[in-house]
Amino acid sequence: MEPITDGAMLSPWEPGVFSLVLFGLLVLAFIGFQLFIAHWVGERKESREKSRVYESGVIPTGTARLQFPVPFYMVAIFFLLFDVEGVFIFAWAVVFRDLGWTGWFQMVFFIIVLLVGLAYIWVKGGLDWRESHRPK
Amino acid sequence: MEHLAYVAFGIYTLIILTGGLMAVLCRSMVRALVGLILTLFGVAGCYLLMAAPFIALMQILIYVGAVSILILFAIMLTRAPAGAEEAPYIFPWRSLAALAVAFLPLAVIGGMIRSGQVAPLVPPEEVPLAELGQTLIEPYLLAFELISVILTVAMAGAVILGFERRIGK
């Protein structure tokens, strides 16, 4: 697969954006038309079952304003960090043939340092969901 | 086709300002976060206008995709207990102070425009992603490797902070 070399594809300075605007307008018009038709033609019946949060789903109990456990936050942080890592790997991957083995080893070092971090959080139990596996 | 760029700039600015106002004025934290996400999308559009599509996509991937989720989790972690109401809207002093702070950058930028030379608007040239990757690996190798160290330190810090909280409980 050849990388996209035509940088103007996404640039609003080039005429290529016209088709994008047209496409966007068409999509918006289509969505609006669908919503309008559904609203105009459709029959509305209110019922207790339909006004539930999840229709035909699990019946909710209690309030939704509960505090979420910390692991959610940890997972979000780790996701963010590996996301940033992915960005740099992406920039390298585009030219990895030109950079040769030197670039490859440099990237291996980059990833190994991050794997050390991953191993650390793994050993520390940052990836465990249950309280019983937590370190003392 | 340059007019289209002006139109796009107007749209992006409108998105940024709308999102910013939403983030400041909404009393519900989650709605304010939605405003912030809108602003981040607008900033991504501005990157696109500056002929930096890679940065624009990364802005969406990292800020819209990850940082906003992180903030959302932070809101849900520290959520006020059930039944508690959000703080009431206080108009006079806080709003004035916020306005003053908002106009400060305007004054600084305006002063700079008045006193100094403003660079003419030229269609920016895009730096290919391949060049960016090559620059990262070759001349800026040390900084590049240090990024991984920073990320590792951040991971360790997250673990330590997360566990300290749990032990203290």
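This is a predicted model: local features need pLDDT of at least 70, side-chain atom pairs count only at pLDDT 80 or more; totals for chains, interfaces and linings use all residues.
I take buried to mean under 20% relative accessible area and exposed to mean over 50%, with partly exposed in between.

Entry 1: I began with the make-up of each chain. Chain A has three helices and zero strands, so that its elements, read from the N terminus on, run α-α-α. Of the 136 residues in chain A, 24% are buried. I then turned to contacts between residues at least 6 apart in sequence, and in chain A I found that 35% of these join residues at least 24 apart. In chain B I counted six helices and zero strands, in the order α-α-α-α-α-α from the N terminus on. Chain B has 169 residues, of which 28% count as buried, and 55% of its contacts with a separation of 6 or more come from residues 24 or more positions apart.

**Entry 2: aromatic pairs.** I looked up the ring pairs next, and the count over all chains comes to 10 aromatic pairs. One of them joins A:Trp92 and A:Phe96, whose ring centres are 5.7 Å apart and whose planes stand at 55°, which makes the pair tilted. I checked how accessible the two partners are: A:Trp92 is buried, because its relative accessible area is 12%, whereas A:Phe96, at 37%, counts as partly exposed. Another pair is that of A:Trp104 with A:Phe105, which I recorded as edge-to-face, with 5.2 Å from centre to centre and 80° between the planes. Here A:Trp104 is partly exposed at 35% relative accessibility, while A:Phe105, with a relative accessible area of 52%, is exposed. I also noted a cluster that takes in both chains, in which ring pairs link A:Phe88, A:Phe110 and B:Phe144.

Entry 3: On the side of H2(A) the contact is made by A:Phe88, A:Phe90, A:Ala91 and A:Trp92, and on the side of H5(B) by B:Leu129, B:Gly133, B:Leu136 and B:Ile137. Sorted by class, the residues of this contact are seven nonpolar, one polar and no charged. I came back here to A:Trp92, which belongs to the contact and is buried at 12%, and to A:Phe88, which belongs to the contact and also to the ring cluster with A:Phe110 and B:Phe144.

**Entry 4: A:Gln106.** Which residues does A:Gln106 touch, not counting residues up to four places away in sequence? I found B:Ile137, B:Leu141 and B:Glu145. A:Gln106 is found in helix H3 of chain A (residues 96-124), and I recorded it as buried because its relative accessible area is 17%.

**Entry 5: H2 of chain B.** Helix H2 of chain B (residues 29-49) has 21 residues and reaches 30 Å from its first C-alpha to its last, close to the 30 Å expected at 1.5 Å a residue. I listed its buried residues, among them B:Ala32, B:Leu33, B:Gly35, B:Thr39, B:Leu40 and B:Cys46. After H2(B) comes B:Ala51, for which I noted a positive phi, near 60°.

**Entry 6: H2 against H3 in chain B.** The axes of H2(B) and H3(B) cross at roughly 170° and come within 8 Å. Angles over 145 degrees count as roughly antiparallel, and the two helices H2(B) and H3(B) are therefore roughly antiparallel to each other. Residues of H2(B) in the contact include B:Met29, B:Leu33, B:Ile37, B:Phe41 and B:Tyr47, and those of H3(B) include B:Pro53, B:Ile60, B:Tyr63, B:Ser68 and B:Ile75.

**Entry 7: B:Ser68.** Is B:Ser68 buried or exposed? It counts as buried, because its relative accessibility is 3%. B:Ser68 has its place in helix H3 of chain B (residues 53-77), and, leaving aside neighbours within four places in sequence, it is in contact with B:Leu33, B:Ile37 and B:Tyr63.

Methods
Residues are numbered from 1 along each chain as its sequence is written. Chains are lettered from A and ligands numbered from 1 in the order in which they are written. Side-chain values use heavy atoms; hydrogens and water are left out. Rings of Phe, Tyr and Trp (its six-membered ring) pair if their centres lie within 6.5 Å; planes under 30 degrees apart count as stacked, over 60 as edge-to-face and the rest as tilted. Buried means under 20% relative accessible area, exposed over 50%, partly exposed in between (1.4 Å probe, protein chains only). Helices (H or I, at least four residues) and strands (E, at least two) are DSSP runs, numbered from the N terminus. Contact means heavy atoms within 4.5 Å. Ala, Val, Leu, Ile, Met, Phe, Trp, Tyr, Cys and Pro count as nonpolar, Asp, Glu, Lys and Arg as charged, and the others, Gly among them, as polar. The expected span of a helix is 1.5 Å times one less than its number of residues. Axes are lines fitted to C-alpha atoms, for helices over the stretch in contact, and angles run from 0 to 180 degrees between N-to-C directions. Angles under 35 degrees count as roughly parallel, over 145 as roughly antiparallel, 65 to 115 as roughly perpendicular and the rest as oblique.
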